[in-house]
Amino acid sequence: MDELEFRRRLFADPNDTEVIDHAIANPEQQSLVNELQDFDAQLKSALQVDVPVGLADRILEKQHNDEASNVVNIAWYRKYNKPFATAASMVLAVGIYFMSATNSPLQAGEHALEHVYYEVNALERRQEVALQVVNEKLAMFGAQFDRLPGKVTYATFCNFKGQKSLHLIFQSEHGPMTVFIVPAQSNDYKQENGHFSDERFAGVIANGQKADTILVANLGTPVEDYQTEINGALRWL
Amino acid sequence: MTMKKKRYEALVQVYHSELYRFAYWLCHDPTIAEDLVQETFLRAWRSLESLQDDKAAKPWLLTILRRENARRFERKQFDYADVENDTLEDNKSVTLDDEMEQTVIQRQINKLSSEYREPLLLQVVMGCSGEEIADILELNKNTVMTRLYRARNQLKEALTDNHEPIKGASN
């Protein structure tokens, strides 16, 4: 260790044991070590400001308050939210299983009636929908009407038992008549050909090659005639 | 009491005085210094799990404290134009000569640029090693040692040139 390095290291850290050991043999260096150590003691003493009384207690108190404020009152059922959520979802799953297993699937006729009741206000419409508009929608299924059995007042895509279908309403001599055109590829009521009715409406289901047509009209309407007419007008492309 | 609490209490007892002094010389205000130390320990409590080894507690706490201090400046830029006059600390139970001498030393330390002052405070007040200072200030150790050397060199020169009453400066 040369003189310069000794000085640099001593000034950087007067308690560096290597430097102190190095100075033992050299009185001049020894004196500089003592000087720097005294100097450091002075620095330390000058920097030794009084610590506020009770600081440690206040720090611990603050931690205690912080901990206390984190203990929020939680409703008993929220404390167990994970197990409860699991249990709830299992109950729901079991419930759905029993509903699907015990309830026989809604029949297509009932479904059609329900659908009509659900959109019963649509029967009151009088605004005509052009044949072209109806055919644009039907084109989605690859079909078109050559003519319509009456003035169409409603034409929209609907979900019929999970199947995208065309929901039409046209005005007949017997009042508004609803027609569902349900593409045949995946519906699950193939066996249900025929009639259905309730106290207000009567209907008929006709299975076709490409689609089923379900007609719902006021009770007493000759639905078969209309059904035949509609199926005659419906042309698959 | 939990293990965590015991460990925490030990940290507070061992380090709160040194940390307060270091904080005081960072901000030159007893109230802000206490706030800094309080906040530092609160954060330390909340993340005590991240302190693996209690031997590393001091640099860990200092890193938190410095970060807290930096946050203070992000929130509000305090005006310390009068810093030299603000920091004349009255230390009781010392003679008038000693008091004057300490005041002079404090003033000279405050005159150091912060890059020299901070490593010196960490070494003298906190008793940190060169490695620890390098770690806390995110510098390499050689840089830290050079700054410490210059800090003492400047202080010694300033205190000697002014013929200020420095006990044992040239004996």
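**A helix pair and its surroundings**

Tutor: The helices α1(A) and α3(A) cross in the right-handed sense, where a crossing is right-handed if the near helix is turned clockwise from the far one by less than a right angle, and left-handed if anticlockwise. This is a predicted model, in which local features need pLDDT of at least 70 and side-chain atom pairs count only at pLDDT 80 or more, whereas totals for chains, interfaces and linings use all residues. Residues are numbered from 1 along each chain as its sequence is written, and chains are lettered from A and ligands numbered from 1 in the order in which they are written. Helices (H or I, at least four residues) and strands (E, at least two) are DSSP runs, numbered from the N terminus.

Two packed helices are described by the angle between their axes and the distance between the axes. For α1(A) and α3(A) the angle is about 20° and the axes are 10 Å apart, so the two helices count as roughly parallel. Axes are lines fitted to C-alpha atoms, for helices over the stretch in contact, and angles run from 0 to 180 degrees between N-to-C directions. Angles under 35 degrees are called roughly parallel, over 145 roughly antiparallel, 65 to 115 roughly perpendicular, and the rest oblique.

On the α1(A) side the contact is made by A:Phe6, A:Leu10 and A:Phe11, which meet A:Gln29, A:Leu32, A:Val33 and A:Leu36 in α3(A); two residues are in contact if their C-beta atoms, placed from the backbone, lie within 7 Å. By class this contact has six nonpolar residues, one polar and no charged, with Ala, Val, Leu, Ile, Met, Phe, Trp, Tyr, Cys and Pro counted as nonpolar, Asp, Glu, Lys and Arg as charged, and the others, Gly among them, as polar.

Six of the strands form an open sheet, ordered β2-β3-β4-β7-β6-β5, with antiparallel pairing; strands pair if DSSP finds at least two bridges between them. β2 (151-160) and β5 (194-197) of chain A stand at the edges with a single partner strand each, so one side of each has no neighbour in the sheet. With direction ignored, neighbouring strands of the sheet are turned by 20° against each other on average.

β2(A) pairs with β3(A) (residues 163-172) over nine bridges in the antiparallel sense, and A:Phe157 has A:Leu166 in β3(A) as its bridge partner. Helix α7(A) (residues 108-118) packs on the sheet and touches β2, β4 (175-183), β5, β6 (201-207) and β7 (211-218) of chain A, its direction making about 130° with that of β6(A). Helix α8(A) (residues 131-138) also packs on the sheet, touching β2 and β3 of chain A, at about 20° to the direction of β2(A).

Within the sheet, β7(A) is mostly covered, with seven of its eight residues buried; a residue is buried if 20 or more other C-beta atoms lie within 10 Å of its own, exposed if 12 or fewer, and partly exposed in between, with C-beta atoms placed from the backbone. A hairpin of three residues joins β6(A) to β7(A). Of the 237 residues of chain A, 24% count as buried.

Chain B has eight helices and zero strands, and 33% of its 171 residues count as buried. In chain B, helix α1(B) (residues 3-27) packs with α2(B) (residues 30-46) at about 140°, with the axes 8 Å apart. The crossing of α1(B) and α2(B) is right-handed. By class, their contact has 16 nonpolar, two polar and one charged residues.
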